[in-house]
Amino acid sequence: MSCKLLVENLNLYYSDIQALKDINMGIDEKKITALIGPSGCGKSTFLKTINRMNDLIPGVRITGKMTLDGEDIYSSSNDVTLLRKRVGMVFQKPNPFPVSIYDNIAYGPRRHGLKNKGRLDEIVEKSLKDSAMWDEVKDKLKKSALSLSGGQQQRLCIARALAVEPEVILLDEPTSALDPISTFKIEDLMQTLKETYTVIIVTHNMQQATRVADKTAFFLLGDLIEYDETEVIFTNPQNPKTLEYVSGHFG
Amino acid sequence: MNRNKRAKIADNIATIFLYIIAILVIVLLTSITVYLVYRGIKSYIPKYMSFSPDGLGIQLFNTLYMVLLSIIISAPLGICAGIYMAEYAKPSKLTDIVRMSIETLASLPSIVVGIFGFLVFVMLTHSTWNMFAGVLTLSILCVPLLTRVTEDGLNEIDQSMKEGSYALGATKWQTIVHVLLPAILPRLVTGIILAAGRGFGEAAALIYTAGLTSDVSFSNWNPSSITSPLNIFRTSDTLAVRIWYLKGFAINPDKYQIADMAAAMLIILVFIFNIGARITGRVIERKMIGSSAIKSKKKSKIN
Ligand SMILES: Nc1ncnc2c1ncn2[C@@H]1O[C@H](COP(=O)(O)OP(=O)(O)OP(=O)(O)O)[C@@H](O)[C@H]1O
Ligand SMILES: [Mg+2]
């Protein structure tokens, strides 16, 4: 089994508050890994260390090592914009840009220097097909992305992330603001995505984790308590705290 | 039940009160406009409505030309300064001082800015009153306003939009140019309208800088010639300056009629400009974010 992403002794501090404590884990290529745990335990923080979005927050300090395909993510020679091209992210709240559907998807490729109109057209079509919304929007690509429903906007954000052809996709509670049908569509989508991409998803929804994830990691107060096959985490966890959490008796 | 009723009555009173104020404002605005335009028409003397040496056409041209030039100068400066303040300046004492200076500058009386312009752009350069000195002085009035509008606009943008752009591997500058500025474009248009409005109406800042007269010939379009309308180093009086001059010092027997005509022209000019700029703004916005989004933005204002 090949590890796409390897995390060794990772610690993260917001000024003097430690948000991640000595995390060690390996994330498998072309699998879905779920991160679960109570609010404030550091799931989003962990996710954001992978594409270095934490660089934007003043006062963040990180120790330890994180490697993508053996390359140190935090080494000074690593270009952040290239890293973020390889590691895409979809946020909890859909955040389309106030431009057309087409321009939203073309945004990433354009910023990375692609100007060829024909090639952009191809990418837009492919990304929308991959995120299963081509048929819904193919006639209104010039319409504003803000005119889409919340669920469509979120899938557009996924398409936008796919357009730069990343290797890893980070999803931070991508369905928490969506209705069951949109949620189902996105879960469905993840199953196809994992054929090509390594997917890491934060979720508060236990059923969702069991439905989609190959492996699940349970975080608690900045510690990685347990990390195993999803089935093991939900049926036969080794740590009593995990059992307490997944069985809903946490408190 | 009782409380509910009271709240309803309070709500009704507030609504009526706001309606009355809104109507008062509209009545005031229309009556000023109608009155000025009416006086302008009543005082109409055809020979002043022309581009001949006596005509107001020269001042009309000067007004438009100078405002245009000052916007060309102040918009890039103001917008860049606003971007710097919102996106690059680290929160510090110095930044606070800069911000306070900009605010002070924005509220300086224009006569003071006019004297500054006179000292710096006229005296220091050993020149006499000229249009360019006036344009620069107008720009000093516009820059702080545009800086403010840009900075406020950028600060109000949803953080998540920025994150979305960074997460796709865009650089900070790309994010500013391709996401943030388009998102505040409608506000920038409004800011430019306000700045231009200030330029149209400005007299005090121009009397010591651009001068009180114009001597041009509309058959000479060689910008290097001093009598060409395009020459920026000639003296140049705007409609507002002309009104001020006519009402005060002129000895021309028709002076009050000319002033009335100039006032009517000025107010019509401002109207046309505002409407034009708003339509342009809407067209740009529609092109960028799509018409349906504008519609839904309007709809979302529930009751
Ligand atoms: N920008 C920040 N500055 C300081 N502290 C922060 C910041 N962001 C998060 N934290 C702290 O770090 C800890 C972990 O936060 P994080 O957002 O990663 O939690 P989470 O597991 O994603 O929670 P949720 O499920 O509610 O999204 C929390 O205690 C939070 O208060
Ligand atoms: Mg979170």
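Tutor: Helices (H or I, at least four residues) and strands (E, at least two) are DSSP runs, numbered from the N terminus. This is a predicted model, in which local features need pLDDT of at least 70 and side-chain atom pairs count only at pLDDT 80 or more, while totals for chains, interfaces and linings use all residues. Residues are numbered from 1 along each chain as its sequence is written, chains are lettered from A and ligands numbered from 1 in the order in which they are written, and side-chain values use heavy atoms, with hydrogens and water left out.

Student: Which helix of chain A gives the most to the shell around ligand 1?

Tutor: A residue belongs to the shell if one of its heavy atoms lies within 4 Å of the ligand. Among the residues that surround ligand 1 are Lys43(A), Ser44(A) and Thr45(A). With three residues, the largest contribution comes from helix H1 (residues 43–50) of chain A.

Student: How much of the area of ligand 1 does the protein bury?

Tutor: Polar side-chain atoms of Ser39(A) and Thr45(A) each lie 2.4 Å from an oxygen atom of the ligand. For His204(A), an N or O atom in the side chain is 2.6 Å from a ligand oxygen. Taken alone, ligand 1 exposes 630 Å² (accessible area by the Shrake-Rupley method with a 1.4 Å probe), and the share buried by the protein is 61%.

Student: How many residues of each class does the shell around ligand 1 have?

Tutor: Ala, Val, Leu, Ile, Met, Phe, Trp, Tyr, Cys and Pro count as nonpolar, Asp, Glu, Lys and Arg as charged, and the others, Gly among them, as polar. By these classes the shell has four nonpolar, six polar and two charged residues.

Student: What area is buried between chain B and chain A?

Tutor: The contact (heavy atoms within 4.5 Å) takes 22 residues from chain B and 26 residues from chain A. Buried area is the accessible area that two parts lose on being put together, summed over both, with a 1.4 Å probe. Carbon and sulfur atoms give 63% of a total of about 2000 Å².

Student: Which residues form the salt bridge between chain B and chain A?

Tutor: A salt bridge is a side-chain nitrogen of Lys or Arg within 4 Å of a carboxyl oxygen of Asp or Glu. The count between the two chains is one. With the closest N and O atoms 3.1 Å apart, the partners are Lys93(A) and Asp158(B).

Student: Which element gives the most to the side of chain B that touches chain A?

Tutor: The elements giving two or more residues to that side are H6 (159–167), H7 (172–201), H9 (255–289) and H10 (291–299) of chain B. With seven residues, the one that gives the most is H6(B).

Student: How far apart in the chain are Lys4(A) and Asp69(A)?

Tutor: Lys4(A) forms a salt bridge with Asp69(A), the closest N and O atoms being 2.8 Å apart. Lys4(A) is in strand S1 (residues 3–14), and Asp69(A) is in the loop between strand S4 (60–68) and strand S5 (71–72). The pair links distant parts of the chain, with a separation of 65 residues.

Definitions and conventions:
Polar contact = N/O pair within 3.5 Å; in protein donor to acceptor, adjacent residues only side chain to side chain.
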